[in-house]
Amino acid sequence: MGYDFELDGLASLVHPTFDLESTRALGTIALSIDGRRVEAALIPGSQSCEYFLDVHPDLDGIGGIDARGELDRRERVFVACDGDLVFVHLRGRTHRVEAINALVKAQKDAAPSSGDDALLAPMPGVVVDVAVTVGTEVEAGALLLTIESMKLQTAIVAPTAGRVVELGLSAGSSFEQGAVLVRLEGLDTEEGESR
Amino acid sequence: MTSIPGIQKTLIANRGEIAVRVTKTLRKLGIASASVVHPQDADSPAARAVDEPCTIEGDTPVSAYLDGNQIIAIARRIGADSLHPGYGFLAENADFAEAVMEAGICWIGPPPAAIRLMGDKIESRRFAAERGIPLTPSVNEEDDPKTFAKRAIEIGLPLLIKASAGGGGKGMQIVRSKRELGPAIELARSEAERYFADGRIFAERYLDQPRHVEVQILADGHGNVVHLGERDCSIQRRFQKLIEETPAPMMDDDLRSRICSQAVEVARAAQYQNAGTVEFVLAPDGEFYFLEMNTRLQVEHPVTEMVTGIDLVEEQLRIAAGQTLSFSQNEVRFDGVAIECRVCAEDPDQDFRPAVGRLLLVRPAEGEGLRFDGGIASGQEVSTAFDPMLAKVIAHGRDREEAIRRARRALRESVILGCTTNAAFLERILAHPDFAAGKVETGFIPAHAAELGTFELSPDRRTAILAIAALSNRDFLERVRAVPEPYASMGAWQN
Amino acid sequence: MMHRIESRVDVQSEIYQRFAEKNRERLGEFHRRQDEARFERPQRDRDRLAHHGKIFVRDRIKLLLDPGTPFLEFSSLAANSEYDGDSKGASVVTGIGIVSGREVIIRADDPSIKGGAWYPLTVKKNVRCLDIAIENRLPVVHICDSAGGFLPLQSELFADRVSAGRIFRNQAILSKMGVQQLSLVFGQCTAGGAYIPALSDYAVILRGNGGIFLGGPPLVKAATGEIVDADTLGGADLHTQVSGVADYAANSEEEAILLGREIVSLWRRPDKVSADGRVPEPPFYDPKELYGIIPDDIKVQFDMREVIARIVDGSHFHEYQPDYGTTLICGYSYIWGHKVGIIGNNGVLFNDSSLKGAHFIELCNQNRTPIVFLQNITGFMVGQEYEARGICKDGAKFIMAQAGSSVPKFTIMVNGSFGAGNYGMCGRAYDGRFVFSWPNHQIGIMGAEQAANTLADVKIRQLERAGESLSEAEIEEIRIPVIAAFERESSAYYATSQLWDDGIIDPVDTRNALGIALNVAQNVPIEDPHYGVMRL
């Protein structure tokens with residue numbers, strides 16, 4: 001198990017390796033990055049978002065001292081985080097790294113592709129208002145209809161973007177728990193967030 | 001008492017970097033500054049720079065800044081005696097200029113008639129043609145819509161279909177074969193209608209490998225017209241300028257002086273006043289053609305300021321206040337080379353798709369010969385509501401090589417975190433040997449797309465960046481710190 | 001400040017080299033057997049796993065654990081001497097690992113062996129790991145993927161006090177103690193197996209492969225004639241939407257494991273018993289030198305201080321009564337920063353060494369200091385003189401003090417463990433928290449040679465009474481099979497196969513194994529000590 005970070009469209013596996021006794025006290029963390037072991041520390045600088053990066057390859061590892069390359073030096077970096085995004089300004093270039101929430105990703109990956117989506121009545125009740133008609137294209141979160149049950153009104157909203165393909169009920173109709181209220185058909189859209 | 005009689009308080013009808021830029025000059029001259037501020041910009045440097053930020057409302061942020069009546073009402077309410085429109089928004093709206101003047105407010109810009117004349121591309125070309133200014137062959141659709149396509153083909157391919165009311169590359173289509181013409185006309189017309197509410201279009205000869213060269217003009221109300229030299233603005237993407245410089249590279253003095261005098265002639269003929277820019281296309285054979293005149297302060301004006309030492313906004317104010325130009329053409333001195341790079345919130349790897357985000361850090365580079373014109377600050381949201389330009393990095397050098405070197409350093413050392421920008425891409429352009437050699441043309445970016453593409457990170461650099469990301473990610477650190485001793489020290493030991 | 005043990009080991013010596021060579025050979029065999037038990041599976045079984053989209057049990061555990069943290073596996077060679085070696089590691093992987101920063105016991109069925117069916121020793125290993133959970137208040141993550149009891153051997157695994165029922169009893173006891181359990185249901189949990197998720201506080205079930213039912217489809221058909229498929233009978237959707245037997249449905253093993261990690265991250269951390277610890281420090285002497293210290297022959301004596309020096313922090317040791325009862329080494333030290341009392345054998349137990357041991361155990365209890373026993377014992381001294389001095393009652397005091405201890409006890413089978421010495425030195429029967437053995441370890445009521453001689457003597461005396469006698473060759477004929485049987489049954493591999501310990505470990509791993517053991521032992525407060533009647 002490791003943690004995924006995405007940089008330039010490529011995912012990388014990063015995990016702590018620890019096992020350097022008491023290095024944590026010095027702020028250094030031993031890491032494995034795509035299987036390569038390094039020790040790294042970020043030392044705060046005097047300005048906002050300014051740090052000094054100390055990153056050393058694990059010299060016990062393969063390659064020894066010749067494997068140092070661009071590492072094994074102290075460099076000034078500017079770093080700022082916005083949620084799961086980390087922006088890094090290193091040597092004149094800004095990089096955007098996204099920390100992938102593995103569980104959210106796994107759940108997304110495993111979720112059945114949105115084909116036909118039936119919204120079932122969560123409880124028996126009466127339709128108060130219908131906001132769409134068959135053929136309406138809706139965005140995720142759009143109001144489809146309002147139902148009332150036990151003196152409580154509930155808004156039924158679209159779980160995903162889609163087109164209404166079935167709507168068996170009109171205002172005033174009553175239904176049992178589990179009845180199909182609306183059926184949505186997934187849209188073939190590829191609107192990615194550009195963030 | 002200000003140094004310009006009649007101008008005590010100026011309302012800036014704009015936002016972003018140009019509002020900040022204009023404020024600087026107002027402050028220098030002791031003029032009180034005010035600006036209109038949409039709530040979305042409430043925390044922007046522009047809102048903080050002025051003495052009096054005035055809230056402006058609208059259905060969308062853009063519509064607020066386009067609401068002339070509201071702006072004039074604000075100017076009246078706060079007692080502004082003058083109004084600077086910046087660029088974009090209402091800067092080239094003749095009706096607005098007129099309304100401002102009718103309200104008894106000094107309009108810091110050209111006369112409405114000049115705006116009207118030059119604002120209409122078809123009219124302005126006709127005007128230029130009548131005065132013998134060279135033009136690329138073109139035909140208007142409205143002259144005879146039925147034969148438009150036929151007449152267009154007669155000009156010869158490749159062709160450019162443009163919106164009459166256009167600007168900023170919107171509604172512009174290149175046609176390289178007959179078969180492309182029909183769809184291009186349709187597309188240009190619909191874009192023209194969508195962006196300018198004016199579906200008129202025209203076709204003109206498209207020059208291969210053309211350069212975009214423009215001349216900065218200053219004209220007072222007493223018949224004096226001077227030019228402040230030319231700018232090369234050939235480095236463009238999507239017909240929008242990305243890098244501008246002055247003087248234009250690889251241009252001999254004879255050509256330079258011919259272009260500049262031609263520009264002065266256009267301004268004079270149009271009875272132009274205030275700051276303006278005459279744009280030309282320059283063919284590889286040295287022929288140049290009038291393109292249009294921009295009746296406003298240009299985004300790229302700082303390069304001219306850096307080589308001439310003239311504050312263009314100050315001159316605009318003086319001209320608007322009725323003063324005579326304080327210098328003649330031969331008193332204008334040109335010193336060295338200046339280059340401007342437009343840092344935009346966009347992703348060059350994704351076809352320059354606009355990027356959004358919350359700015360986390362804005363830290364301009366400092367140093368000799370550098371200027372950073374920005375209207376952005378940490379904490380600000382970058383949305384697609386406005387133009388994606390975040391800031392302009394301007395570098396001046398004794399020669400072009402020094403200017404390029406300084407601009408590259410400035411791009412590397414300016415830190416903008418929180419939003420994808422084109423800064424590295426701009427630097428790659430400056431680093432390109434053809435750019436260094438002055439071999440610029442408007443097709444430079446597509447022609448060099450391969451070399452300008454993202455270079456792959458070295459494994460070491462990638463490792464370092466990922467280490468930084470891990471070490472600054474809260475969740476990651478929490479997970480690391482959650483591991484108690486002695487387990488952390490033992491590491492991945494297994495029996 | 002404690003003294004550092006002054007090692008007398010000469011790593012250049014011929015004897016060191018000879019021992020090292022022998023022990024590396026032993027280690028080679030151990031690792032070979034361990035790798036085989038862990039990873040070697042018939043291709044057919046691997047293919048079946050892949051066909052069902054199942055991740056190999058060890059990879060499931062790897063995904064569950066925090067990256068870069070240790071895993072102390074128990075009894076990796078359990079059942080190696082039984083069932084023709086079919087039940088590798090007794091078909092279940094158990095151990096202590098770190099999940100979301102918490103110490104947990106992981107109990108993972110191994111579906112690559114006969115569908116994860118439980119053999120009698122599987123049940124024993126399961127019960128043992130849940131005993132460890134109870135004794136050390138350790139939360140448990142079950143990865144359930146077992147076909148159920150191995151029916152041909154059902155009589156050996158079902159009915160007894162510590163048979164399968166004990167697994168569920170232990171689960172209930174853990175819950176009663178407030179110790180959390182999570183089940184990740186990756187296969188079908190049928191019959192008794194259904195109770196593992198049902199008795200867990202949290203249960204995640206995999207769509208598709210996961211299933212929980214008291215009776216599977218064939219049994220239902222036989223019992224009531226009802227024809228129903230497994231998913232309808234007890235699949236993820238049924239249990240998470242209708243029955244409430246499980247709490248979360250997952251679409252992949254990875255997703256279930258990540259969800260499991262998040263669930264564990266929400267668990268309260270146990271309050272650790274505060275102990276006077278100090279900052280850990282690696283041993284001054286290289287633990288690898290242990291290979292040159294353990295002799296190549298069980299009969300050769302060595303100094304247990306040399307072993308202590310290669311396990312404890314900084315090789316520091318405060319020796320108690322250094323000049324009294326010198327065949328038993330007693331003293332204080334630190335392991336991974338935890339203060340421990342150490343009791344190690346340096347020869348046979350005499351009256352004085354027994355009394356010294358009993359006294360030192362009382363001191364450790366008074367001080368609430370856990371005790372580590374380092375066994376290399378042939379037994380208590382025999383002979384008229386020692387009987388007359390009351391070796392039996394001195395040995396009884398040692399056993400009484402040790403058995404009555406309330407501090408956590410840990411035993412390392414460093415070498416031999418024979419006769420009543422095993423009892424005094426906290427053998428398996430004395431409920432130490434953990435027992436680990438080294439590959440050279442031998443255990444039995446007596447040594448193989450002594451046993452063979454004893455049995456040969458019995459035979460000779462029987463024949464003598466009948467007026468017959470045995471030739472040398474005939475005596476050897478009696479001795480050889482006895483020696484062979486004893487050697488087999490006294491080997492570390494046989495012992496670990498029967499779960500007489502918690503696993504064979506490489507001697508250099510002793511320090512980490514004890515470090516983890518001492519750390520988890522701190523989850524439980526130490527009771528006030530009191531003892532039975534000491535025969536004075």
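Figure 1. Among contacts in chain A between residues at least 6 apart in sequence, 42% join residues at least 24 apart; two residues are in contact if their C-beta atoms, placed from the backbone, lie within 7 Å. This is a predicted model, in which local features need pLDDT of at least 70, side-chain atom pairs count only at pLDDT 80 or more, and totals for chains, interfaces and linings use all residues. Residues are numbered from 1 along each chain as its sequence is written, and chains are lettered from A in the order in which they are written. Chain A contains one helix and 16 strands (DSSP runs numbered from the N terminus: H or I of at least four residues for helices, E of at least two for strands). Of its 195 residues, 27% are buried, that is, have 20 or more other C-beta atoms within 10 Å of their own.

**Figure 2. The contact between chain A and chain C.** Chain A supplies 13 residues and chain C 16 residues. On the side of chain A, strand 2 (10-16) and helix 1 (102-110) are the elements that give two or more residues. Helix 1 of chain A provides the largest share, five residues.

**Figure 3. The largest nonpolar core.** A nonpolar core is a set of buried Ala, Val, Leu, Ile, Met, Phe, Trp, Tyr and Cys residues joined through C-beta atoms within 7 Å. The largest has 222 residues, and those touching the most other members include B:L426, B:I468 and C:L184. Helix 18 (residues 459-472) of chain B gives this core its largest share, eight residues. Another core, of 97 residues, lies apart from it and includes B:C54 and B:F202.

Methods: Buried ≥ 20, exposed ≤ 12 C-beta atoms within 10 Å, placed from the backbone.
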